[in-house]
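Student: Could you show me how to read pockets and surface patches in a structure like this one?
Tutor: Let us look at the structure together and take the features in turn.

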Amino acid sequence: MNIKNRKTIIGDWIFVLICLVVCVVCLTPMINLLARSLSGTEALVKHEVYLLPKGLNFDAYSTVLSDMKYIRAFVWTVFLTVVCTFVSLTMTVLCAYPLIFEKLKGRGIINIFITITMFFNAGTIPNYLLMKNLNLLSNPLVLIIPSCLSVYNMIIMRSFFYGIPVSLRESAEIDGASFVQILIKIYLPLSKPVMATLALFYAVGRWNGYTDALLYMNDADYYPLQLLLYNIINNINSVEVAAQEGFSTPGLSESLKAAIVMFSTIPILIVYPFLQKYFISGVTLGAVKE
């Protein structure tokens, strides 16, 4: 074995070691949270729970799953995430696709105005007044329309469209395909990796979002799961609220909080493996034959 190969092997092992350390650092809080949600109240009160549950019990999960408040918020959040992801992807594609055509009049000005919105925002009060004037306060649409497009994600989509060979589009135009047909039959099939990635970005952002509901939504029936969790944790110091939510016992309080966090985190983690394969795949390779 020569020196070059030996250095390569050592470098690979160092890289593997770094990845393992990062994995441990990222997974430890989640494992600790899972252990706390499955532990008995006595062990939690004594702060004896670290990575493994002590006094195994499922009382916290039984409490969460038997309370229709959590189930209703979970179902609503799933529905909201699916709808928002679909709408956001549609708006992202419709915004990015026209901007790749050099013949589009005012394309440079449009790009400038779109980019400006990434750095400047009207602020909370003007946005609230805008939602009020549009009659969107306490309307479920307020959780969908204002955040239906991310300029950053649109730029990613536009850059990916730029990477698709122009010859494919030109050949389709010669065959008489319209702009819509080119988008549906060429660009979208070749854009599965970036669309899966952006779908995950949008889905995670909507699943974890609660500030828009906190500011604009007064109807508790439309509270997403994260806002419900925020309200529970925020009001936990209130004796009356703690008793209503089942937090009157210190150990049960910690177990329930951990169970609720796990309940709101696991679903989005389950989605990730199904989209991961698209992150590094290059479906445009070989699209143009020489």
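**Reading pockets and a surface patch**

Tutor: In this predicted model, the lining of the largest pocket divides into 18 nonpolar, 10 polar and two charged residues.

Student: Which residues lie closest to the centre of the second largest pocket?
Tutor: The second largest pocket, with about 330 Å³ of space, is lined by 14 residues, and those closest to its centre are I100, F101, E102, V166 and R169. Helix 7, helix 8 (166–174) and helix 9 (179–190) give two or more residues each to this lining, with helix 8 giving the most, four residues. By class, the lining of the second largest pocket has eight nonpolar, six charged and no polar residues.

Student: Which residues form the nonpolar patch on the surface, and is F113 buried or exposed?
Tutor: The patch is formed by I109, I112, F113, I116, M118, F119, F120 and Y152, which together have about 930 Å² of accessible area. Helix 5 (residues 107–119) gives the most to the patch, with six residues. F113 lies in helix 5 and counts as exposed because its relative accessible area is 57%, where exposed means over 50%.

How values were computed
Residues numbered from 1 in each chain as written. Predicted model: local features only at pLDDT ≥ 70, side-chain atom pairs only at ≥ 80, totals over all residues. Heavy atoms only, no water. Patch = residues over 30% accessible without salt bridge, like charges linked within 9 Å, V, L, I, M, F, W, Y side chains within 5 Å. Areas by Shrake-Rupley, 256 points an atom, 1.4 Å probe, with all protein chains shown as cover. Salt bridge = Lys/Arg side-chain N within 4 Å of Asp/Glu carboxyl O. Buried < 20%, exposed > 50% of the residue type's maximum accessible area, 1.4 Å probe, protein only. Nonpolar A, V, L, I, M, F, W, Y, C, P; charged D, E, K, R; others polar. 1 Å grid on protein atoms, 1.4 Å probe; cavity = no way out; pocket = protein on both sides within 12 Å on 5 of 7 lines; lining within 4 Å. Points joined across faces, edges and corners; volume = space filled by probe spheres on them.
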